[in-house]
Protein chains: 2
Amino acid sequence: MTYSEENYLKAIYHLSLSQKQGVSTNAIAALIESKASSVTDMIKKLAEKELIIYQKYQGVMLTDKGLMAAKMIVRKHRLWEVFLVEKLDFAWDEVHDVAEELEHIKSEKLINKLDAFLGFPTEDPHGDPIPDKNGNIVKVEKQLLSEFEIGQTGICVGVKDSSSSFLQYLDKQQIALGSKIKVVAKESFDMSLTIEVNGKSMIISNKIAGNLFVKTVS
Amino acid sequence: MTYSEENYLKAIYHLSLSQKQGVSTNAIAALIESKASSVTDMIKKLAEKELIIYQKYQGVMLTDKGLMAAKMIVRKHRLWEVFLVEKLDFAWDEVHDVAEELEHIKSEKLINKLDAFLGFPTEDPHGDPIPDKNGNIVKVEKQLLSEFEIGQTGICVGVKDSSSSFLQYLDKQQIALGSKIKVVAKESFDMSLTIEVNGKSMIISNKIAGNLFVKTVS
DNA sequence: ATATTTTTTTAGTTTTGTCTAAATTATTAT
DNA sequence: ATAATAATTTAGACAAAACTAAAAAAATAT
């Protein structure tokens, strides 16, 4: 599989997680930052290889084969991210672009050895799950902080948006994976939240709360 | 720089180490396993970018800029090899192909962090020198075992040929970097050597001896 | 010194992945 | 139900990197 084919497959995988129907040409083009016509070309190729099912004008869906291939790329991406953060001291907002390259290195032995070296992690530095060598994914119950009621307490287990600016904002506010967050108040006008983290009280916008995954605790 | 440009640059670098004049088109084609016409195309491109000096029919030489770029690729290749052997328990004959891919990952930060993580090694698993971040290379005096006289003792510090079959032969004979080797006798008919390694005596062909680098010791 | 051989370059194709512009199909609005 | 709009596909072009075959230059041999 080529570098480019892998990127398309990964994009289709990510898009298919949020929609249960076929993934549209335009959606792929937007994510990959290319043009719809380029996408049409590529999905024909992927369909020929039986990695996706494609009918003209109907969008695409991953086959079992394609799903597994996509998961293996995601596995590589996320394992490399763990390596960069845990072993090479990268910050969590610096790893994406490098992992984007590393994910294309073709060696099963390499990735399985790396997995062992890292202690078989189940989540990457942003809280996203890492498929194991068979493609199995451990699902963590989580919800968005914005869905919490007043008085509820949770632990931060992931981010929905992992853009540099968002991650750096969290660093600045000292919110990290594992942080305990309590919702103290909710402003009905703009849905901003007053929360307590590390004993400190702060106000965060609804947009922030809508990008933070939390797990309920007692 | 593209993947392909980097490979050409690296090939030219390796070839220019053994010859002091310009590197010929055919020599590059042979090393890269491509055709002379393809090489001509690429060296024109590299010359435009001022990475090499090229005059028709005269072969090529690296510019300072090209030399540094080539050294950085070699640096990456060899650091990754150290990582694979030291951290992921690869055998020394398994690392080349994977490193061949990893050397193209574009991140200065990554490679310098990796360098630090590995403890700033100066040699790769085959005894070849690793350029530092400024391109400096520590030279080790070494000679081929085949050049040793009877009675001389040395320590194995590298291999000239790092093909899988040769490295596996050395593993089988329990010859590794650091092994102490004493030349006991030399057969004048075929130049084969009787040597002592790890207290054991064995006979090795001239071809083997001509691919083992050793450093003289007392 | 000239003829032969080898090396290198040029010219023209091919493949992969991209694009623009135009045509076609699907969706939405009236 | 038809018109307007949006989404998708097709057709044709282009750049990168490779190739084959043929031409040109350099090296070698007689």
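**Exercise 1. In which loop of chain A is the place of Asn198(A)****?**

*Solution.* A word on the ground rules before the steps. This is a predicted model, where local features need pLDDT of at least 70, side-chain atom pairs count only at pLDDT 80 or more, and totals for chains, interfaces and linings use all residues. Residues are numbered from 1 along each chain as its sequence is written, chains are lettered from A and ligands numbered from 1 in the order in which they are written, and side-chain values use heavy atoms, with hydrogens and water left out.

Step 1: find the elements. Helices (H or I, at least four residues) and strands (E, at least two) are DSSP runs, numbered from the N terminus. Asn198(A) sits in the loop between strand 6 (193–197) and strand 7 (200–204) of chain A.

Step 2: look at the backbone. Asn198(A) is not a glycine, yet has a positive phi of about 50°. Most residues other than glycine have a negative phi.

Step 3: check exposure. Buried means under 20% relative accessible area, exposed over 50%, and partly exposed in between (1.4 Å probe, protein chains only). With 47% relative accessibility, Asn198(A) counts as partly exposed.

**Exercise 2. Work out how the protein meets DNA strand C.**

*Solution.* Step 1: list the neighbours, taking a residue as near if one of its heavy atoms lies within 4 Å of the strand. DNA strand C is surrounded by 20 residues, and Ser38(A), Lys45(A), Lys44(B), Tyr54(B) and Lys56(B) are the closest.

Step 1: Sugar or phosphate accounts for 76% of the atoms of DNA strand C within 4 Å of the protein, and bases for the rest.

Step 2: pick out polar contacts (pairs of N or O atoms within 3.5 Å). An N or O atom in the side chain of Tyr54(B) is 2.5 Å from a phosphate oxygen of DNA strand C, while a polar side-chain atom of Ser4(A) lies 3.2 Å from a phosphate oxygen. A base nitrogen lies 3.5 Å from a polar side-chain atom of Asp41(A).

Step 3: name the elements. Two or more residues of this surface come from each of helix 1 (3–18) and helix 3 (36–48) of chain A, and helix 2 (25–32) and helix 3 (36–48) of chain B.

Terms used:
Polar contact = N/O pair within 3.5 Å; in protein donor to acceptor, adjacent residues only side chain to side chain.
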